[in-house]
Amino acid sequence: MEARLNMFENEVTTKFFKRLIAASRPIEESSLPKATQELVKIRASQINGCGMCLDMHTKDAAAAGETAVRLALVAAWREAVVFTEAERAALALAEEGTRLADNHEGVSDETWAAVRKNFDEEQIGALVCLVAEINTWNRLNVIVRNPAGEYQPGMFG
């Protein structure tokens, strides 16, 4: 499989990537736990069918010490006992924020209450921005059909 467009050699997409990466720094520098950040990225990428992002974020999470069991259960997080209450709230927000068209209200009051219960203002801001950011990356990669499987942890860092 080859990408429809090499976004790393295209002037416009390269400029856009640089700005998107810069926009993600406040999220990365926030107090939102890194494990939670990766779980959110993985869940949104599963929903959006983004192989490139799944390849990247599962490998990055594993390299950071995430267990194979938790990585395997992200798609079925509601039935899994390996996620904390806070992680479950973040995963619910990731799902509802990714599937906006499935619910006319967007994110439910129940999910928002769980997020508010488990995260402070800074972390909530980081979560909201993270959901928006990973959905942007997912859409870029899915549109051009970037292939998955060759990512090495940290190669874009």
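What percentage of the 157 residues of the protein count as buried? The share is 42%, where buried means under 20% relative accessible area, exposed means over 50%, and partly exposed lies in between (1.4 Å probe, protein chains only). Please keep in mind that this is a predicted model, in which local features need pLDDT of at least 70 and side-chain atom pairs count only at pLDDT 80 or more, while totals for chains, interfaces and linings use all residues. Residues are numbered from 1 along each chain as its sequence is written, and side-chain values use heavy atoms, with hydrogens and water left out.

**The overall build**

Let us start with the whole protein. Its secondary structure comes to 7 helices and 0 strands, and from the N terminus on the elements run α-α-α-α-α-α-α. Helices (H or I, at least four residues) and strands (E, at least two) are DSSP runs, numbered from the N terminus.

A compact globule with 157 residues would have a radius of gyration near 15 Å, and the protein agrees with this because its own value is 15 Å. The radius is taken over C-alpha atoms, and the globule rule is 2.2 Å times the number of residues to the power 0.38. Along the principal axes, the C-alpha atoms fill a box of roughly 45 × 30 × 30 Å.

How does the chain meet itself? Among contacts between residues at least 6 apart in sequence, 69% join residues at least 24 apart; a contact means heavy atoms within 4.5 Å.

Which residues make a nonpolar surface patch of about 320 Å²? They are F8, M155 and F156. Patches are made of residues with over 30% relative accessible area and no salt bridge, with like charges joined within 9 Å and nonpolar side chains (Val, Leu, Ile, Met, Phe, Trp, Tyr) within 5 Å. M155 lies in the segment after α7 (121-144) and is partly exposed, with a relative accessible area of 46%.

**Salt bridges**

A search of the whole structure finds 9 salt bridges. A salt bridge is a side-chain nitrogen of Lys or Arg within 4 Å of a carboxyl oxygen of Asp or Glu.

| R43 | E95 | 2.8 Å |

Salt bridges that share partners join R43, R78 and E95 into one network.

Now for the members of that network. R43 forms its salt bridge with E95. R43 lies in helix α2 (residues 34-48) and E95 in helix α5 (residues 85-98), so the pair ties together parts that are 52 residues apart in sequence. R43 is buried, with a relative accessible area of 8%, and E95 counts as buried at 6%. R78 is partly exposed, with a relative accessible area of 45%.

C50 counts as buried at 1% relative accessibility, and C53 counts as buried at 4%.

**A look at Q37**

Is Q37 buried or exposed? Q37 is buried, with a relative accessible area of 3%, and its place is in helix α2. Not counting residues up to four places away in sequence, Q37 touches I27, E28, S30, L32 and L130. The C-alpha atoms of Q37 and E110 are separated by 21 Å, and these residues are 73 residues apart along the chain.

Definitions and conventions
Accessible areas come from the Shrake-Rupley method with a 1.4 Å probe; for residues, only the protein chains shown count as cover.
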